Every structure is written in structure tokens, then in C-alpha cells.
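Here are my notes for your review. Please read them with the structure open.

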Amino acid sequence: MEIEATVVKLLPVVKGTSQRGEWTKQEVIIEQGGEFGRKLCVSFWGDKAQDAASLREGDRISVWLNLESREYNGRWYTEARVWKMSRAASAPAAQPVPANDFPLPADEPDGVGGDDSFDDLPF
């Protein structure tokens, strides 16, 4: 499943040791755009945690993830594990919009009115 979102918050890195060895997990809160702006906590495990460490709040990213639910002591826990991430391409810089469509005044008077003096009054 692919999701495009904005990074809202980086949670602290969690490290531990299991029967299989040491592990590292980085959780990141992301928010999807749209009218309701849904937030989701996604997990980066192992080597992917290093990818998450380079993120900053406000970054636009695309994540590919797998959803997984597990039962423990009669309760179910769901996790969104990221297996691939890419940064969204930055939008091109916006061109300044002119305040109006009128041409800018020239440095020299155009000689209208037969007078060489420059008058900036519109009438």
C-alpha cells in the first residue's frame, strides 16, 4: 500500500534485544492531505530506521507499507511497517504575479502634452 503524506512528528528511536539479536525501530507520525487530514503512525525497522532519521517535520514523502495485526494476551495490536520510502519531488518555485496588467512607467517622459517636464498625475 502506498501513501503520500507530510511528516508531522518524529518519535524517539527505540532499541532493544530479542532472541534474534539487536533491533532498532523509529516511529513517525504522518498526515495525509485532504479535507479531514488523517494521521497515521508508521514504523521503520532495522536499516529503514536510518532512512527515517533523515526526515524533518514538514517533509513530503511517499511510503510503501504493510499492515499487520498481532494478538497478545487477548488484545490485538496493529502496526504499519514501512518497507520503502521516497521523498516527494519539490514543487517548482512560483513565479511572482504582477500586481496589475499595466506596463511599468518609463524613466523618461514620453512628450505627451508638448511639455518636456515630467508629471506623474494621471490627468
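Predicted model: local features only at pLDDT ≥ 70, side-chain atom pairs only at ≥ 80, totals over all residues.

1. Strands β5 (residues 60-72) and β6 (residues 75-87) pair in the antiparallel sense, over twelve bridges.

2. Two residues lie between β5 and β6, and N73 takes a positive phi near 50°.

3. Strand β5 has another partner. Strand β1 (residues 2-10) pairs with β5, again in the antiparallel sense, over five bridges.

4. Now the overall layout. The protein has one helix and six strands. Read from the N terminus, the order is β-β-β-β-α-β-β. The helix, α1, spans residues 48-53.

5. Which residue of the helix deserves a look? I would pick A52, which sits in α1. Its relative accessibility is 0%, so A52 counts as buried. Beyond four places in sequence, A52 touches L10, Q26, V28 and F44.

6. One of these contacts deserves a distance. A52 and L10 are 42 residues apart along the chain, yet their C-alpha atoms are separated by 8.2 Å. L10 falls within the residue range of β1, 2-10.

7. Is Q26 buried or exposed? Q26 belongs to strand β3, residues 21-31. With a relative accessible area of 4%, Q26 is buried, because the cut-off for that class is under 20%. Its side chain reaches the backbone oxygen of L11 at 2.4 Å. Please inspect that pair in the viewer.

8. Setting aside neighbours within four places in sequence, Q26 is in contact with L10, L11, P12 and V13, with V42, S43 and F44, and with A49 and A52. L10 and F44 are also touched by A52. A52 and Q26 are therefore both buried, at 0% for A52 and 4% for Q26, and they touch one another.

9. Last, the totals. Buried residues make up 20% of the 123 residues in the protein. Of the contacts with a separation of 6 or more, 44% join residues 24 or more positions apart. The accessible surface comes to about 10100 Å², and carbon and sulfur atoms hold 51% of that area.

Terms used. Residues numbered from 1 in each chain as written. Heavy atoms only, no water. Helix = DSSP H or I, 4+ residues; strand = E, 2+ residues; numbered from the N terminus. Buried < 20%, exposed > 50% of the residue type's maximum accessible area, 1.4 Å probe, protein only. Contact = heavy atoms within 4.5 Å. Areas by Shrake-Rupley, 256 points an atom, 1.4 Å probe, with all protein chains shown as cover. Polar contact = N/O pair within 3.5 Å; in protein donor to acceptor, adjacent residues only side chain to side chain. Pairing = 2+ DSSP bridges.
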